Amino acid sequence: MKFDIIYPRWNKLEGQTTFTLPPHGPVVMAAALPDWVEPRFTDENVEDINFDTDAEFVGISMMLSTQVKRGWEIATEFRKRGKKVMFGGISTMLHAEETTQYGDSVFLGECEGRMEEVFADFKAGKLKPIYNYMNQLPDINLVGPARRDLYKRELYNHKGVQMVDLFHASRGCQFSCYPCAVSYLGGRKFRPRPIDRSIEELMTIDNNRLFIVDNSLAQNKQWEMDLFREMIPLKKKWISHTIEDDPKVLDLAAQAGAWYVYQAVFDTSDYIKERIKRYHDYGIGVEGTILLGLDNQTEDDIKRLIDFLLEIDLDLAEFTVLTPFPHTKVYDDLLRAGRIFDHDWNHYNAGKVVYTPKHMTAERLQELYNYAWDTFYKDESQEQKMFNLLTNVVLREMNEGTYVPRNRKLINKSFGNDVIR
Amino acid sequence: MKVSEKYFDQIFEYRGEWDLLSKCGLRIVETASKTYVIVTELYQDNPGSSVTTVAFSLCNQICEAFSLDKSRVEYVECAPSTNSKLSFYDSQFYRVTFNGTQPVYHQIEDLQLEINS
């Protein structure tokens with residue numbers, strides 16, 4: 001049975017370098033499908049959707065709030081053509097109630113071990129409007145390996161350079177951070193995959209460069225160290241979120257191929273400065289993630305923070321404005337206080353101010369957000385800084401004999417489009 | 001983000017969105033004219049939907065569980081201080097009224113004063 005999995009496009013943030021990575025959720029979901037289902041994958045960010053497909057069933061996988069409205073449009077188009085449509089994924093769960101209006105079915109929760117039932121129901125003409133597995137997390141042993149064979153690889157390539165592959169070694173998060181919905185989505189319990197299963201999957205990935213998308217690797221030190229130890233022989237190079245701030249862990253991470261990490265920078269403290277220095281001491285790059293618009297930030301605080309970033313030798317910085325995604329504490333706080341003025345989910349891209357900040361107008365915060373990007377990348381562009389990080393990893397790969405030269409056939413292509421020089 | 005027990009007398013289990021098992025802190029205070037139902041968000045100790053997400057349903061579930069006379073109920077949401085690095089609020093209390101099923105929030109400056117008055 002043919003099953004088309006669609007990943008809706010979204011508008012990228014204006015003025016910022018965008019690299020389109022192969023999405024993870026859809027291929028993880030595809031791994032959970034029964035053998036008799038033949039999945040095909042279309043990422044609308046890099047290719048057009050064939051609405052006149054011969055697929056019997058269509059799945060729309062959504063990760064971001066900025067995808068949901070487009071996802072609903074896509075579903076409407078397919079349903080006009082008589083196709084049954086099911087929604088799933090993270091932002092389906094965040095926007096579930098609205099999404100039920102646009103699909104024949106909505107799947108909530110994690111899909112492993114559940115798809116036999118869904119597809120059997122579909123085949124029998126008894127598809128349920130809601131499959132609610134929010135309360136029943138599956139056995140973590142059932143996860144993966146993701147169906148990366150579904151990717152059209154040439155579409156995730158910029159001028160011959162293959163984009164990183166996404167991978168996850170755990171689910172859930174024991175933390176419940178102020179702006180984050182992960183604990184609602186994946187549960188408040190950290191659920192590491194068995195290390196041998198993770199390693200097996202890593203070995204199947206035909207890409208030396210990865211993005212380990214786990215919410216935070218710093219949740220169980222022993223597991224983290226065991227994972228890194230087992231990764232060393234693979235000689236992969238990878239990006240991840242925070243790593244435990246412990247010399248033993250950082251040393252193992254570096255040996256396991258840590259390329260650079262995303263590290264939140266909230267203040268101008270020596271702690272942050274030292275934290276970043278410690279990563280660098282182990283040869284690990286740092287992309288600072290800076291959230292603007294928190295209630296403790298005045299205009300001066302934001303400007304001081306940006307000056308600080310220029311002093312602490314970050315390799316990259318990514319600025320976002322506080323965004324009240326549903327099912328987060330910040331959403332509840334701002335909702336109760338009547339401070340959310342924009343409920344258009346297309347604007348929930350972490351680059352547009354949708355609420356009234358405490359110490360300035362929304363317009364002023366928007367200006368400061370633009371100022372942050374412009375100021376940080378004034379002397380060296382984002383693209384140049386990324387190139388520096390790429391050079392760093394290429395040199396390491398050359399030393400280890402794992403370097404794969406760029407694909408000359410795709411040198412004039414960028415994510416499927418011709419490069420205009 | 002552990003919530004102090006000073007905000008509630010008991011833990012109330014409720015059905016959250018999509019029937020998620022959810023928990024909040026609960027204090028019920030009877031006065032001569034009103035029954036104050038004060039629900040407190042527990043954050044990391046709430047495995048399901050927040051009290052704000054399901055305000056209308058939660059209010060009904062509590063009234064049903066404790067056989068409360070709804071016409072006397074003053075429903076209050078407490079967003080407790082959690083000393084989180086990123087949350088900058090002191091404890092806040094909101095009187096919640098409902099426009100149909102939609103909650104409408106009115107901040108209360110001093111809940112104790114209001115209850116005593």
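Two strands pair if DSSP finds at least two bridges between them. Helices (H or I, at least four residues) and strands (E, at least two) are DSSP runs, numbered from the N terminus. The views below show a predicted model: local features need pLDDT of at least 70, side-chain atom pairs count only at pLDDT 80 or more, and totals for chains, interfaces and linings use all residues. Residues are numbered from 1 along each chain as its sequence is written, and chains are lettered from A and ligands numbered from 1 in the order in which they are written.

**View 1. The hairpin of β1 and β2 in chain B.** Strand β1 (residues 10-15) of chain B runs antiparallel to strand β2 (residues 21-30) of chain B, and six bridges join them. B:I11 stands opposite B:G25 of β2(B). Five residues lie between the two strands of the hairpin. In that turn, B:W18 has a positive phi of about 55 degrees.

**View 2. The contact of chain B with chain A.** Each chain is represented: 21 residues come from chain B and 21 residues from chain A. Contact here requires C-beta atoms, placed from the backbone, within 7 Å. The chain B side has twelve nonpolar, six polar and three charged residues. Ala, Val, Leu, Ile, Met, Phe, Trp, Tyr, Cys and Pro count as nonpolar, Asp, Glu, Lys and Arg as charged, and the others, Gly among them, as polar. For the complex, the predictor gives an ipTM of 0.84 and a pTM of 0.92.

**View 3. Domain 1 against domain 2 in chain A.** Domain 1 spans 2-134 and domain 2 spans 141-400; the bounds come from an automatic or database domain assignment. Their centres, taken over C-alpha atoms, are 25 Å apart. 27 residues of domain 1 are in contact with 33 residues of domain 2. On the domain 1 side, the elements that give two or more residues are α1 (25-30), β2 (38-43), α2 (65-80) and α3 (90-94) of chain A. α2(A) gives the most, with four residues. By class, this side has 15 nonpolar, eight polar and four charged residues.

**View 4. Helix α9 (residues 247-255) of chain A and its buried residues.** A:L250, A:L252 and A:A253 are buried. Buried means 20 or more other C-beta atoms within 10 Å of the residue's own, exposed 12 or fewer, and partly exposed in between, with C-beta atoms placed from the backbone. The face turned away from the buried side carries exposed A:P247 and A:K248. A:G257 follows α9(A), with a positive phi near 105 degrees.

View 5. Most residues other than glycine have a negative phi, and most peptide bonds are trans. A cis peptide bond joins A:G144 and A:P145, with omega about -5 degrees. A:K159, not a glycine, has a positive phi of about 50 degrees. Is A:A350 buried or exposed? A:A350 counts as buried, with 21 C-beta neighbours inside 10 Å.

Definitions and conventions:
Two residues are in contact if their C-beta atoms, placed from the backbone, lie within 7 Å.
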